[in-house]
Amino acid sequence: MTNNSGMSFKTRPKNIDGDAEDSTRSEKKPVVYVEDPPTPSRWFSYEFIFYYIIIVFGYFVVLKMLLTRSNEYNDGLKENKGIVDGWFFGRKQDLSDTQYKIYRQNFPLLSIGLSIFLFISASIRKNFPDKPYVRILFYNIISLGFLIFVHGSSTFIVLGIAIINFSISRIFERSKMLPAVTWIFNLIILWTCYIYEGYSFKTLSPFLGEELSGWLDGHKGFLSWETYFKVSMLRFISYNNDYFWAKSKRPVVDLKGKSAYFIAQERHQPMEHYSFSHFLAYIFYIPLYIAGPITTFNAFTAQVYNPQKTYSLGDLVKASIKILLVFLGLEIALHYCYYHSFDKSDVWMTFTGAEVALTGYLVLNFMYIKFLIIWRTFRLFALFDGIDTPENMNRCVNNNYTFTGFWRSWHGAFNKWTIRYLYIPLGGKKTQFVSIWIIFFFIGLWHDLWLSWIAWALLNCVFFSIEIGIMFYFYHPKRLSLRRKWYWRFLVAIAGTFNIFLLMVANLAILHGFENSIIFIHNAFFVPGGPTAFILAYSWLFCGIMVMIEIRESEKRSKEIKPF
C-alpha cells in the first residue's frame with residue numbers, strides 16, 4: 001500500500017550469484033520507499049491566512065444553506081420521514097438513521113451493563129492476579145448468558161457455527177488447506193444466512209417436531225444473530241489463521257520499534273492458549289461483540305494475560321469525556337441539520353447545484369461522526385478492561401484526500417485485519433493491482449448482498465487502481481526533481497481535490513447505487529448553476545487540501561502522527 005504523505009524512492013543493491021559474465025550484467029535494482037524530508041512551516045504565512053479566510057467563509061455559506069433548508073421542516077412548512085420532535089430548544093431532530101437511533105435509545109442500558117461487566121472483570125483481576133484462566137472462565141460464562149439474552153434460541157445456531165470453526169482448526173491443523181477451508185465455510189454462512197434471513201428451525205421440524213421448531217423460531221431474541229455474524233466471522237478467520245501459523249511455526253516479523261499491540265499480534269501464543277475456552281472468550285468477548293473494533297486472537301489473548309499499559313486511567317477518563325462531548329455535539333447538530341433524512345427519502349433529488357453536493361458532504365460527515373461514537377464507545381470499554389484494539393477513525397473525514405489514507409483511517413481496525421489475513425496472503429505489493437479487486441468485493445459483499453455495495457466495490461477498485469498507478473509514477477526516483485519544485489504541492493492539491501469528489505461518489509454509492517449516483521452527479525454539476533457550484537466547491541476543497549498537506553508536513557516535523 002502507498003503512503004499518504006510525500007515520499008521518495010531509493011535503490012538498494014542486490015546480491016548476485018553467478019559467474020563473472022553474469023556479475024557484469026546490469027540488473028534491475030529494487031525500488032524502496034523513503035519519506036521526503038519535511039518542509040518549513042507555513043502555518044502563519046500570508047498564503048495560509050488566505051486559505052483560512054476562504055475555508056471559514058465556505059463553512060459560513062454551508063451553515064446558511066443547511067439552516068435555511070432545515071428550518072422549512074422545523075417550522076412545519078414541510079414534513080419528511082425521520083424528522084421527529086427533539087429535546088433541544090423545541091426544535092425537531094433528524095433520527096432517520098436506524099442504526100444511530102437504536103444506539104442512542106440503548107446507550108443508558110448499554111453503559112450500565114458494560115460497567116457491571118468491567119467491575120466484575122476488574123474484581124477478578126484484583127483477587128486472582130496469577131490466575132488468568134479464572135478471567136477466561138468468567139468471559140465464557142457471562143458471554144453465554146449475554147448470547148441467550150440477545151439472541152434467544154438462535155444461540156444454538158451461533159454456538160454451532162463456532163464449534164464447527166473450532167473443529168476445522170483441529171481437523172486441518174496439519175494441512176495448508178486450513179485457511180482456505182475456514183474462509184470457504186464462513187463465506188457460505190455469511191451469504192446463506194443473509195439469503196435465508198438467519199435460517200429457520202422449521203427446516204429441522206422432521207427431527208425436532210413442529211411444536212418445538214415453531215417455539216424456537218418464535219424466541220430468537222431481539223438482535224438478529226446474522227447481523228453480528230459479520231464481525232464474528234472475522235474473529236473465526238483470525239483464530240484459525242493465528243493457530244495455523246503458530247502450529248506451523250511461521251517466522252515472526254521484526255518487532256523492533258513496533259507498538260505494544262503489534263508485538264502482541266505478531267508473537268505466537270503458547271499452544272495451550274489456543275484452547276476451546278480461549279477461543280470462546282475471544283469470539284464472544286462482550287465489549288467488542290456487537291460492533292468491534294476487530295482485534296486479532298493473538299493480541300486479545302496476550303492482553304488477557306498482560307493487560308494493556310499503553311493508556312493510563314487518566315487517558316481513558318479523558319477519552320470518555322471526549323466521546324460524551326462528541327455524542328452531545330452530534331445530538332445538537334441533528335436538531336439543525338436534516339440532510340440525512342433528505343438523502344434517505346430522496347428529497348435530495350429535488351435539489352440542484354450546490355445543495356446536492358452539500359447533501360453528499362453532510363451525509364458523509366454524519367456517517368463519520370456516528371461510527372466514531374459507536375466504535376470508540378465499545379473500544380473504550382475494552383480498554384478499561386485491559387484489551388487494546390486498533391483505532392478506527394484515527395483521522396478526521398475532512399482530513400483525507402487519498403483513497404489509501406481514507407481507508408487506513410476510516411475503518412482502521414478492519415483495514416489492519418484485511419492486510420494481515422487477506423492482502424499479505426494474496427501476495428502483498430506484488431499482486432496489489434489484482435488483490436485490491438478481491439479485497440474490495442469481499443468488503444462490499446461482507447457488508448451486505450446489495451447492488452449498492454457492488455457499486456461501491458467497483459468504484460473503489462477503479463479509483464484505487466488509478467491512484468496506485470499515479471503514486472507509483474510520480475514518486476519514482478526519476479520524478480524526485482519534480483517533487484522538489486515549488487509548485488509540486490499545488491499539483492498534489494489540484495489532484496487531491498478531484499480525488500475528494502471521487503471519494504464522495506464512491507462512498508455515496510452505498511446509499512444510492514449505480515443509477516442514483518449518476519443522478520447525484522448530474523443534479524450537482526450538470527444543471528444550470530452546476531458548473532459554478534463545481535468551481536466554488538473545488539476552490540474551497542483546494543484550500544482545505546493545502547491545509548491537509550501542511551498538517552502532514554507538521555506531523556513529519558514533530559515525528560508524531562496525530563489521532564485526529
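Helices here are DSSP runs of at least four residues, numbered from the N terminus. The model is predicted. On that numbering, T389 sits in the loop that links α16 (354-384) to α17 (403-410).

T389 has 2% relative accessibility, so T389 counts as buried. Its contacts reach beyond the adjacent sequence. Leaving out residues up to four places away, T389 touches Y261, L288, P293, I294, T295 and R379.

The largest nonpolar core has 159 residues. Within this core, M233, W410, W417 and F442 touch the most other members. The biggest contribution comes from α16, which supplies 20 residues.

Take W410 from that group. Neighbours within four places in sequence are again set aside. W410 then contacts L364, M367, Y368, F371, W375, N392, M393 and V397.

The structure holds zero disulfides. A disulfide needs two cysteine sulfur atoms within 2.5 Å. For C396, the closest cysteine sulfur belongs to C337 and is 15 Å away, so the pair is too far apart for a bond. For C543, the closest cysteine sulfur is that of C396, at 17 Å, which is also too far for a bond.

Are these two cysteines buried or exposed? C396 counts as partly exposed because its relative accessibility is 25%. C543 is at 5%, so C543 counts as buried.

Technical notes: Residues numbered from 1 in each chain as written. Predicted model: local features only at pLDDT ≥ 70, side-chain atom pairs only at ≥ 80, totals over all residues. Heavy atoms only, no water. Buried < 20%, exposed > 50% of the residue type's maximum accessible area, 1.4 Å probe, protein only. Helix = DSSP H or I, 4+ residues; strand = E, 2+ residues; numbered from the N terminus. Contact = heavy atoms within 4.5 Å. Core = buried A, V, L, I, M, F, W, Y, C linked by side-chain atoms within 4.5 Å.
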